Amino acid sequence: MKLRATSLCKSFAQQLVLKNVSLDLENVRTLALIGPSGGGKSTLLRIMAGLEIPDSGSLSMNDCEVVYREKELLEHRRTVGTVFQAFNLFPHLTAVQNITLALEKVHRYPAAQARDIAESILERFGLSAHGHKPPAQLSGGQRQRVAIARAISIKPKLLLFDEPTSALDPEMTAEVLEVIEELREEGRDLVLVTHQMGFAHRVADRIALLADGQIVECGPPEQVLDDPQKEITRQFLAKILKY
Amino acid sequence: MILTLRSWFWISPDERRRPVPWPVLLLNWLLAFFLLALVCFYSFSRLRYNWNWGTVGGYSNFFWRGWWTTLKISVLALLLSTVIGLITALARRSGFLVLRAVSRLYVELVRGTPLLVQISFAFYVVADAFRIQDRFLVGVSALSLFSGAFISEVFRGGIESVGASQLESARAIGLTRFQTYQYVIFPQAIRVILPALAGMFANLIKDSSLLSVISIEEFTWNAQQVSALTYSNFECYIPLAIGYLILTLPITLWTQWLEKRTTYET
C-alpha cells in the first residue's frame, strides 16, 4: 500500500491528540503503530478508518485522497475493514448474521451468496460450528475472529486493527494473532495498533512510534525496535519489555 | 421425580433459570386467585348494599356501545401515539436544533400538565379556532399527543441504551443512518422499550375515560349514565373494571410475548 499523511492535526476538547503528523510510506504491506497510551496511535488509525475527521491535514491511500465529508466518508468506510479492541459485534445477531449484515445491506449481495461467503470465512477461521451462535455464546478469541471475518468479508482494500488483542487473555491472543499473520501472508494490506512488540516485529515491515501526538520514529522493525535512535523510543521499549 | 412439599411452593436460587413445571405453576396461580377471591369475598360480605343487577342488566347495550367506542379510541390512539412518540424521540436526536427544542418543549409541557386540561384546551380552544367539530377526531388526537409524549421518552431511553460502540461498529461497516436505526439500534432497543411501553399502552386505554369531558360517549361515560339512571354504583363499576381489563390484558400479554421473542443474551 501507499500511505501518505500530511500534517494531520486532531484535538478533542482542547487537547491536541495529533500534532502535525506526517507519514510517507510506499510499498508497505503491514504498518504497525506503537507507542504509549494517549500517544495518538488509535486516533491516527481511526482517521484512516474514516471514523474520525482530522481538524486539518490530509490523508491519501494508494494515491486516493480521503475526503472528510460525511457522504464520501461513508463510501470510504465501506472499502476498509476495521477491527476494534472490544470486538463490537452486534449482540442480537448470530456470528453469520454479523457478517452478512454488511454484505447484504451495504454491498447488496443476495442473501444466499452472503451466507456462503460468511460460512466459508468462518470455516477458514475454524469457526464453522459457531456460525449460528450469538456473540454471548462465544469466547473472546472467537468473537474477535468473527469480527475479523466481518471485516474481511467485504474484500477491503485495507484492514485496520485497533489493539485487536488488548481485551484477550494470552491463549486467545495467540489465536487472533495467528489469523492476522495469515492475512498478511495472503498479501493483504494491514495497519495495526498494538502493544505486542514481538508480533509487531514479526509481521510489520514498517513501525511507527507515536508519542505525545507526534511520530517519534518510523522505519523497519530492525531499526525502530532493535536499534532505536530516539530517547523516547528507548524509554518506551525499556518499559514495555521489562514486564 | 419425587416432589417434596417444599418444591411445590419454592424454587431455590440456583434453579431459577430453569422453567417451572406446569403443575407447580398451576397450583401457585390457583393459590394466588384464591387469596384474591378471599379478600374480595370478605370485603363484599361486610358491605351493606342492595345489589340491583337486574335493573342494570337492562341497560347492557349502553355498556356494549361504550366499550366499543373505547376500543376504537384505544386502537387509533395507540397507533397514533406510537408514531408521535417515535418521531419525537428521533427529533430529540436530530441535528436540527429547532427540532430538538420543539420536541423537548412538547414533552415537558404535555407531561407536566393534566390530561383533563389538555383535552378541554384541544377541543374548546384549538379545534374551535380551526373549525374542527368532530369530537372523536379531536379526542383521539389529544389522547395520542398526551400519550405520545410519554412514549417518546420510553423510545429515547431505549435508543440511548444502545452503546456507542454499537453505533461505531455500524458506522465502520458503512451502514447509513437509517439502516443503523433499522438493523442495529431498534432490534436492541426493543428489549428495553417493551416493558415500559406495555404500561404506557395500558395507561392510554384507561386515560381515554377522560374524553367524557368533551362528551365523547365512551365506556366510562356510558357506565356513569347507567349509574345515574338506575341509582346504582357497583353494578356499573364492576363491569366497567372488567371491560377495561379485557382491553389492557391482551396488550400486556402481547408485549410479554414479544419480549420473549426479541430477547438475546448479553
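This is a predicted model: local features need pLDDT of at least 70, side-chain atom pairs count only at pLDDT 80 or more; totals for chains, interfaces and linings use all residues.
Q: Which residues of helix 4 of chain A are buried?
A: The helix meant here covers residues 111-124 of chain A. By the criterion of 20 or more C-beta atoms within 10 Å, the buried residues in helix 4 of chain A are A:A114, A:I117, A:A118, A:I121 and A:L122.

Q: Within what arc do the buried residues of helix 4 of chain A fall, seen down its axis?
A: On the other side of helix 4 of chain A, A:A112, A:Q113 and A:S120 are exposed. The buried residues line one face of helix 4 of chain A, because they fall within an arc of 125°.

Q: Which helices do the buried residues of helix 4 of chain A pack against?
A: The partners belong to chain A as well. The buried residues of helix 4 pack against helix 3 (95-105) and helix 5 (140-153) of chain A.

Q: How far apart are the end C-alpha atoms of helix 4 of chain A?
A: Helix 4 of chain A has 14 residues, which at 1.5 Å a residue should span 20 Å. The distance in the model agrees with this expectation: the end C-alpha atoms are 20 Å apart.

Q: Which residue in the turn between strand 4 and strand 5 of chain A has a positive phi?
A: Strand 4 (residues 56-61) of chain A pairs with strand 5 (residues 64-65) of chain A in the antiparallel sense, over two bridges. In this pairing A:M61 stands opposite A:C64. The two strands form a hairpin with two residues between them, and the one in the turn with a positive phi, about 50°, is A:N62.

Q: Over how many bridges do strand 1 and strand 4 of chain A pair?
A: Strand 1 of chain A covers residues 3-12. A:R4 stands opposite A:S60 in strand 4 of chain A. Strand 1 and strand 4 pair in the antiparallel sense, and the number of bridges is five.

Q: Which helix of chain B supplies the largest share of the side that touches chain A?
A: The contact takes 18 residues from chain B and 18 residues from chain A. On the side of chain B, helix 7 (164-172) and helix 8 (177-207) each supply at least two residues. The largest share, six residues, comes from helix 7 of chain B.

Q: What ipTM does the predictor give the complex?
A: Chain B averages a pLDDT of 92. For the complex, the predictor gives a pTM of 0.85 and an ipTM of 0.89.

Note on methods:
Residues are numbered from 1 along each chain as its sequence is written. Chains are lettered from A and ligands numbered from 1 in the order in which they are written. Two residues are in contact if their C-beta atoms, placed from the backbone, lie within 7 Å. Helices (H or I, at least four residues) and strands (E, at least two) are DSSP runs, numbered from the N terminus. pLDDT is the predictor's confidence in each residue, from 0 to 100. Two strands pair if DSSP finds at least two bridges between them. The expected span of a helix is 1.5 Å times one less than its number of residues. A residue is buried if 20 or more other C-beta atoms lie within 10 Å of its own, exposed if 12 or fewer, and partly exposed in between; C-beta atoms are placed from the backbone. The arc is that of the directions from the helix axis to the C-beta atoms.
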